[in-house]
Amino acid sequence: MTDFRLPSDELEYAVLSLLWQLGTASVRQIHEGIDPSCERAYTTTAKVVDRLRAKGLIARSRIPGGFVYRPAIEPQEVQRARARQLISRFLGPAPSAAAAALVEAVEGIDPGLLDDLERAIKAKRRKKNGT
């Protein structure tokens, strides 16, 4: 697993998501590609790009006339880390009670999801046990 820190706000996620779509881009291309309805300064976008680079989420390459940026982490890896973080916060110091509450909430939303969860848990256990 690669060492990185998650984006801390929606703008950081927006920039990272755009880079996943584009593959590589300059700060100018990123600035022009994120929500044009928001009047955001170019320097704000440049600062966000620098923060994402410091977090290990994007990489920079020099080209004639400047730099281009590319994702350093696959989207699935970020989503797994984000899910782990959210679940850890949700479960808190009493994980059993929180897990039971989660099961009840899922059943209330869509009882079929419980079957999906059960299959996923069984598959994970099989994979962990090597069977």
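Modeller: Let me begin with the elements, since helices (H or I, at least four residues) and strands (E, at least two) are DSSP runs numbered from the N terminus. This is a predicted model, in which local features need pLDDT of at least 70 and side-chain atom pairs count only at pLDDT 80 or more, while totals for chains, interfaces and linings use all residues. Residues are numbered from 1 along each chain as its sequence is written, and side-chain values use heavy atoms, with hydrogens and water left out.

Biologist: What makes R80, R84, K124, R125, K127 and K128 a patch of positive charge?

Modeller: Lys and Arg count as positive and Asp and Glu as negative, with His and the chain ends not counted. A patch takes residues with over 30% relative accessible area and no salt bridge, and like charges are joined within 9 Å; R80, R84, K124, R125, K127 and K128 gather on the surface in such a patch.

Biologist: Which helices each supply at least two residues of the positive patch?

Modeller: They are α4 (75-91) and α6 (111-129); R80 sits in α4, whereas α6 gives the largest share, four residues.

Biologist: Why is the contact between R51 and D9 called a salt bridge?

Modeller: The term requires a side-chain nitrogen of Lys or Arg within 4 Å of a carboxyl oxygen of Asp or Glu, and the side chains of R51 and D9 meet at 3.8 Å, N to O, so the pair qualifies. R51 lies in helix α3 (residues 42-54) and D9 in the segment before α1 (10-22), so this bridge ties together parts that are 42 residues apart in sequence.

Biologist: How do you know that R51 is partly exposed?

Modeller: Buried means under 20% relative accessible area, exposed over 50%, and partly exposed in between (1.4 Å probe, protein chains only); the value for R51 is 36%, so R51 falls in the middle class. D9, at 30%, is partly exposed as well.

Biologist: What about K55 and E12, buried or exposed?

Modeller: Both K55 and E12 are buried, and they form a salt bridge with their closest N and O atoms 2.7 Å apart. K55 lies in the loop between α3 and β1 (58-63) and E12 in helix α1, so the pair links parts 43 residues apart in sequence.

Biologist: What joins D9, E12, R51 and K55 into one network?

Modeller: Salt bridges that share partners join D9, E12, R51 and K55.

Definitions and conventions
Patches are made of residues with over 30% relative accessible area and no salt bridge: like charges are joined within 9 Å, nonpolar side chains (Val, Leu, Ile, Met, Phe, Trp, Tyr) within 5 Å. Accessible areas come from the Shrake-Rupley method with a 1.4 Å probe; for residues, only the protein chains shown count as cover. The place of a charge is taken as NZ of Lys, CZ of Arg, CG of Asp or CD of Glu.
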